[in-house]
Amino acid sequence: MLTGKQKRYLRSMAHHLTPIFQVGKGGTNENLIRHIEEALEVRELIKVSVLNNNFDDPKAVGAELAEGAGAELVQVIGKTIVLYKESKENKTIELP
């Protein structure tokens with residue numbers, strides 16, 4: 001569980017990132033979650049965008065992705081989701 005201070009720090013780091021995954025009308029699936037897990041292991045902090053043709057609530061999509069990938073949901077703003085998971089081998093982010 002992340003504290004408020006840690007979430008603020010991660011949001012500031014994620015501000016300049018571009019989304020590397022998109023959730024479309026098909027929604028989330030095992031393949032997408034597996035790719036997100038692999039990306040989190042390498043990068044630790046990623047952004048995911050929810051496309052306009054997906055009519056699910058972005059907060060629900062973010063919670064589903066975070067639970068499936070074993071990550072922390074940092075922020076959902078508009079249709080952009082920020083996820084964080086501490087890397088086992090490529091640790092680069094030091095939380096306050």
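**Gly27**

I began with the contacts of Gly27 (contact: heavy atoms within 4.5 Å). Setting aside neighbours within four places in sequence, I found Gly27 in contact with Leu32 and Asn54. I work here from a predicted model, where local features need pLDDT of at least 70, side-chain atom pairs count only at pLDDT 80 or more, and totals for chains, interfaces and linings use all residues. My numbering runs from 1 along each chain as its sequence is written, and side-chain values use heavy atoms, with hydrogens and water left out.

I placed Gly27 in the loop between β1 (21–23) and α2 (30–43). Helices (H or I, at least four residues) and strands (E, at least two) are DSSP runs, numbered from the N terminus. Gly27 has a relative accessible area of 16% and is buried. My cut-offs: buried is under 20% relative accessible area, exposed is over 50%, and partly exposed lies in between (1.4 Å probe, protein chains only). I also checked Gly27 against Val50: 23 residues separate them in sequence, and their C-alpha atoms are 8.9 Å apart.

**Lys47**

I then turned to strand β2 (residues 45–50), which holds Lys47. A salt bridge needs a side-chain nitrogen of Lys or Arg within 4 Å of a carboxyl oxygen of Asp or Glu.

I looked for backbone oxygens around the Lys47 side chain. That of Ala14 lies 3.2 Å from a polar atom of the side chain. For His15, the backbone oxygen is 3.5 Å from a polar atom of the Lys47 side chain. Leaving aside neighbours within four places in sequence, the contacts of Lys47 include Leu17, Pro19, Phe21, Thr80 and Val82.

**Salt bridges**

Side chains of opposite charge can pair when their charged atoms come close. How many salt bridges did I count by the rule? There are two.

I noted Arg34 with Glu38, the closest N and O atoms 3.7 Å apart. Both sit in helix α2, four residues apart, so about one helical turn separates them. Arg34 is partly exposed at 41% relative accessible area. Glu38 is partly exposed at 43%.

I also noted Lys91 with Glu86, their closest N and O atoms 3.7 Å apart. Lys91 is partly exposed at 38%, and Glu86 is partly exposed at 44%.

Notes:
A polar contact is a pair of N or O atoms within 3.5 Å; within protein, one must be able to donate a hydrogen and the other to accept it, and residues adjacent in sequence count only if both atoms are side-chain atoms.
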